[in-house]
Amino acid sequence: QASSSLVCLASLRRSMCAAKLERTGQALRNAWPNLKNFANEQSSNIAQSTNESSASSFVRKNSKKAEAAAGTAATRGPQQPPAAGGCSKVFVQRRIPALLRPGNRPLEFAPAQLFRSGPPGLTRQFTVAASAHASATSLSSTADAWLPVPAPPPRDERPSASRASIEEFVKLATERDDLNQDFWGKYTDIPSMAKASEKEDILMIIENFALIHRKHVYLFQRLKNTVLKTLDAWSAPDFAALCHSWAQLGFLHEDLCIAISGRVVDTAHTCSTQEICWLMDAYATARCSVQSVTDELTKQTLLKMDDFTLSQLCLHASSYARLNLRSPGVFDAISQRLISMPVSELAPADGEVAAVQDEDLLSARDVTLAAYSFAKLGFHDPRVFSAIARRASEVARDLTARDLQMLVVALARAQFRDAELLESLSAQAQRRIAQFNSESLVLMLRSMAFFGLRDDALFTRCVAQLPRAISTFRPSDVTTLLNSFAAVQVYSVALFDVITPFILEKAPMFTASDWLSALRSYSALGRKDSTFLSALGLHLQASQLSLHQLCMAMVDCSRLSFAGPSTQLAEAAMAKVKLDGMACPVDLASQMYCALLLLGHSTDRRAGCSVKGLLEELAVQLGSSDLRNLPLLAQVNLCYAALLAPSAAGAGGEHPMDVLALVEHCVGSEGVRHLPAEGRALLQQIQQALKLLPWNRRALRSEQSIGDLFARGGSGAGARGAGAASACFASAALSHLAPCLDAEAWAPGPAVWSGPPHEGNFKAPALEASDDASTATPADSSPLCSEEMASEGPSQGVYAAQEMRDALAELSQVLAAHSVEHALVTDLGREAHILIEREALAGGQPNGRPLGRDVALLWGSSLHYVAFDESSADLRLSLSAQFQVALLRSVRDIDLVIIPYWWWPAHATQQEKGGALLRLLTEKSE
């Protein structure tokens, strides 16, 4: 029985093996035709990819072989299965599962013929892989289960550079392109085009590709090599047409411009005015300046100046500007053409018909190019810009975002102010606001700020675009934007909601100059942002700053009442002065001395030894210097700081200067009438401080002199034609933003204006020349506004003034809701406050008990408190705030209550705010 069982088991195993072999053979019979086709296709694809690679590297490798391979690949017909050949192991292991799929027609031969008809290179791995796949998929053995063999799917590949057909390029052309059907029907494919050797054929090919705005690098490189081999057959007019088309398509390179320079010089006299413009534009586009070519083209330009149209002259001028070629002869001639331009050429009068052709009219682009060229090269003739401005006003609605930015920057460079034109450009910029990129947006605002154009609508629209555009901002773009807002003092609630988080996100990318520039903008705007200041203290490396930068940081931190980085800044300054032996200029020493005094470091126990040591060192230097040689505003700052703050302990209890003598010198100086608004506001505070001093005849005489000075002036500081209330809030903000900064010190930076002043409508520094107005880069620091504009522009600290105004208005509403009579006092020279009489307050108190004296409510903004970090636990009133409190108490016999900004329940209801305020008044009175 055991033997019988073994026999049965062996028989069963043989039958199972035979069935399995039959299924494997069935699968292989179906797979073999596809295996042969696939092997042929793979070999063809390998050859094709090799040919394509050779075609794409035509310049670097053998061009003849690439051309032959490309021609073969382009004209190859349907592929036929080759004879059975070898098949690699890798091919079998990777591709068998994909080929053994249902739907393949079975072969018409027996299983025994399978391996005899297969390729000789088929190994055991083929059988193993096929068997495994056949057993896994359980292929059916019935013949009717197999469908006809489908055709191979078309390969979804883009044509290579050399195999692209003409039809494919024509299909890519848009409907608006003007197609020359005779030309496109002349050639069958790109390789046949590349064989063109005649000059006329090459020009026709390039010009027709320019018409459909399509570039074919392989073809253009072949034609370029042909041109370089046959330079003697070409003339300057031919090169003008060739380079003009390639410049439009972005294929113009320096090597071609240099190679054709000899022929251009020899045959330039045969060029028409249009061809001269094209040649100059080609060299300017490639930024390739060849002296012989430019000299010859300049000569031909002067000879044919009368034949140029105005549009051609504008393009020609831009070519000179892009090459930085300052040709007085050419630009003088162009200036005369623009100045003598008839009015009808500028714009036909009402009811008249234009007497000139369309090509003689300046388009929006022509106006932009003309203004940009004359401004960049320093030809700032007001007559030329007057003519340009007249035409620009008429075509303002046709200006693109780039044109607007270039035109406004050009006007700023030329220092040409036209109020009507600027308003038109501002309105058009608001329409195109979504088309500005990050760089053009900030340069547009920078130029508008240069003219003092405080257009709230334009700046508001720009703030609305910030969430979209700020992702592409660079640190310099952020600082330029902030400086523009600081220059015109535009108040926007949402500005810092976008800017500050971006600065925190990109903090590692900010350089020391970027941090200081942003800090200067926050300081000029009067915006104390604790988050920004904390990031500044974390990322600013004081040891890497120069002495001038350390002084800037100290001054701006003092203006924002932020004492956090004082220790590290003082240590770095001491290291440069003591260890490095660096001489500290007197003006820097005076600014640092004022900043540290106004922060209260002369008496503050929290000030480190380095701060105390720096104060003593600065006091010694100032005591040995003649302070009357300092700028007048620096002297005013020293007087204000010395009157408010006691001297350092190591200085003997006295300041290193005679404060009253310095005040008398300031008042008697001739430049006192030309002080900016910030300096005049500080002089008013000095006048009030002199009244608080113990009786002193010199102090009273100086106080009387300052009073007479303002009486003769007829207006107080900060009164910019606005009401007395607005002037009071502006003056109050300026009293806390000390030391004051002159126009040069608080100019938005990094500045993009430099160069000597030129005659024009007003005096102002000019833009630094660059290759393109749209990519003007920051230059050295210089004032943004001219002296006239600085004296008429808005005061600093718009955010601080607006905060105090809004807070007092909210307090007034809360008191009115609880029937408490009060008055808003806005006396110029003293900080604005709310005065409540004791009779009115008695009815509003819960217990009905009146106070002994009247109560004055003073808003304690963030500038009123000196902070060392973000927490409010370590805050103390600044010296300027203490001075305002003492001044109010000296004027009236009142109880003064300061409402701290962190205590006020800003998000509570009106009833809750009123209850909290009345409870605070009761506690303070008791």
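Helices are DSSP runs of H or I, at least four residues long, numbered from the N terminus. In this predicted model, the loop between helix H37 (724–736) and helix H38 (787–792) holds Pro739. The peptide bond that leads from Ala738 into Pro739 is cis, and its omega is near 5°. Asn324 is not a glycine, yet its phi is positive, at about 55°.

The structure holds five cavities of 30 Å³ or more.

An open sheet is built from four strands, ordered S1-S2-S3-S6, with mixed pairing. Strand S1 (823–825) and strand S6 (894–900) are the edge strands. Each has a single partner strand, so one side of each lacks a neighbour in the sheet. Direction ignored, neighbouring strands are turned by 30° against each other on average. Strand S3 (residues 854–860) pairs with S6 in the parallel sense, over seven bridges. Gly860 has Pro900, in S6, as its bridge partner.

Two helices lie across strands of this sheet. Helix H39 (residues 798–817) lies across S1, strand S2 (833–836), S3 and S6. It runs at about 140° to S3. Helix H41 (residues 879–891) lies across S2, S3 and S6, and runs at about 155° to S6.

The average pLDDT is 77, and 69% of the residues score at least 70. Helix H14 (residues 273–285) has the highest confidence, at 96. The lowest is in helix H4 (residues 114–117), at a mean of 38. Over residues 46–150, pLDDT stays under 50. The model has 114 contacts beyond four places in sequence for that stretch. Residues 155–163 also have a pLDDT below 50, with 19 contacts in the model beyond near neighbours in sequence. Where pLDDT is low, predicted coordinates should not be read in detail.

Methods. Residues are numbered from 1 along each chain as its sequence is written. This is a predicted model: local features need pLDDT of at least 70, side-chain atom pairs count only at pLDDT 80 or more; totals for chains, interfaces and linings use all residues. Side-chain values use heavy atoms; hydrogens and water are left out. pLDDT is the predictor's confidence in each residue, from 0 to 100. Contact means heavy atoms within 4.5 Å. On a 1 Å grid over the protein atoms alone, a cavity is a set of points where a 1.4 Å probe fits but cannot get out, and a pocket is an open set with protein on both sides within 12 Å along at least five of seven lines; lining residues have an atom within 4 Å of a point. Grid points are joined across faces, edges and corners, and a volume is the space filled by probe spheres set on the points. Two strands pair if DSSP finds at least two bridges between them. Axes are lines fitted to C-alpha atoms, for helices over the stretch in contact, and angles run from 0 to 180 degrees between N-to-C directions.
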